[in-house]
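Let's take a walk through a protein fold together.

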Amino acid sequence: MLKKRQEMWEHVIKAAFFDIGKTLVDDPVPKAKYAVGRFLAQKGILKSSSLGDFHETLTLVNARIDSYQFSHFWGEEEIFTSAMSSYGIHDDRLVKQALAVYRKEVQRLYQTDPSLKALSNMELASLLSWLHDEKGLILGVISDERIASIALYWDVLECGHFFPLVVTSEEVGCRKPCKQIFRHALEVAKVRAEESLYVGDNPIRDVAGAKDVGMISILFTKFCDPSIKVRPDFTIDDLRELPPIIDTLTSYPRDG
Ligand SMILES: [Mg+2]
């Protein structure tokens, strides 16, 4: 459902930036964590009766142990070390194996479970082609992901070639909503904030962050139900709602 603020836009749109987590893809942890439990049970390390508790622990630890350069979707060794140590497992080799099992499952889920993607790869390619080829927009990503994790997303989404510009919190040294990460992306793209839009799921990190530097903010709600009241410029629950928004924004002449 498109909710548009009634405003006149004074500038041509030159760039569109996207968040990745819970925007291009949903959170895989709720489904992928079961592969880790199965792996540890098959090894005889966890009893089947404790698997439910272990899965809950993995979820909680994933939320608790944090860093601006962590990938919560693809997993971090520190998170697995902590979760497994609370079950008396202190074997570094086993932690690495469990992490590898988890990442393999994330990749499998992204490739086989359509509900984990905002659009099918073909639909996403079609949208990004339209934005780039038809509308002439520079396309970029501003993400709190690790630099190394970006390639994993492009593997499963097959859309990395559409994004010449990728800015991560690990690279810049701060996380959204810090202004620095948005400003860095704008500088690299050589566009002004008001000539750019940002699409993301998080009301604070994405919407407030983009708005604070003057970008047009689009809240994407397919994978979340934002409870914090913010006032994005647009709200969408389907990325296919972007073209009419872009057409609206670019229908006004530069001098408004
Ligand atoms: Mg996100």
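**Starting in the core**

In the largest nonpolar core, which has 43 residues, the ones touching the most other members are Phe 17, Val 141, Ile 142, Ala 185, Leu 197, Tyr 198 and Ile 218. Helix α8 supplies the largest share of this core, with five residues. A nonpolar core here is a set of buried Ala, Val, Leu, Ile, Met, Phe, Trp, Tyr and Cys residues joined through C-beta atoms within 7 Å. Buried means that 20 or more other C-beta atoms lie within 10 Å of a residue's own; 12 or fewer makes it exposed, anything in between is partly exposed, and the C-beta atoms are placed from the backbone. In soluble globular proteins, nonpolar side chains tend to be buried together.

Before going on, note that this is a predicted model: local features need pLDDT of at least 70, side-chain atom pairs count only at pLDDT 80 or more, and totals for chains, interfaces and linings use all residues. Residues are numbered from 1 along each chain as its sequence is written.

Now zoom in on Ile 218. Setting aside neighbours within four places in sequence, Ile 218 is in contact with Leu 197, Tyr 198, Val 199, Pro 232, Asp 233, Phe 234, Ile 236 and Ile 245. Contact means that the two C-beta atoms, placed from the backbone, lie within 7 Å. There's also a second, separate core of 18 residues, and Val 36, Leu 40, Phe 54 and Phe 73 are among them.

**Two pairs of helices**

Helices (H or I, at least four residues) and strands (E, at least two) are DSSP runs, numbered from the N terminus. Two packed helices are described by the angle between their axes and the distance between the axes. Axes are lines fitted to C-alpha atoms, for helices over the stretch in contact, and angles run from 0 to 180 degrees between N-to-C directions.

Take α2 (residues 51–64) and α3 (residues 77–85): they pack at about 135°, with axes 9 Å apart. That makes α2 oblique to α3, since angles under 35 degrees count as roughly parallel, over 145 as roughly antiparallel, 65 to 115 as roughly perpendicular and the rest as oblique. On the α2 side, Thr 57, Leu 58, Val 61 and Asn 62 meet Ile 79, Ser 82 and Ala 83 of α3. Sorted by class, the residues of this contact are four nonpolar, three polar and no charged. Nonpolar covers Ala, Val, Leu, Ile, Met, Phe, Trp, Tyr, Cys and Pro, charged covers Asp, Glu, Lys and Arg, and the others, Gly among them, are polar. Within α3, the buried residues are Ile 79, Phe 80, Thr 81, Ala 83 and Met 84, and they pack against α2 and α4 (92–112).

Next come α8 (residues 179–189) and α9 (residues 203–213), whose axes come within 9 Å and cross at roughly 60°. α8 and α9 are therefore oblique to each other. Lys 179, Phe 182 and Arg 183 of α8 make the contact with Gly 209, Ala 210, Asp 212 and Val 213 of α9. This one has three nonpolar, one polar and three charged residues.

**Out in the loops**

A cis peptide bond joins Lys 176 to Pro 177, with omega about 15°.

Where does Lys 190 sit? Lys 190 is in the loop between α8 and β5 (196–200). Its phi is near 60°, a positive value in a residue other than glycine. Lys 190 counts as exposed, with 10 C-beta neighbours inside 10 Å.
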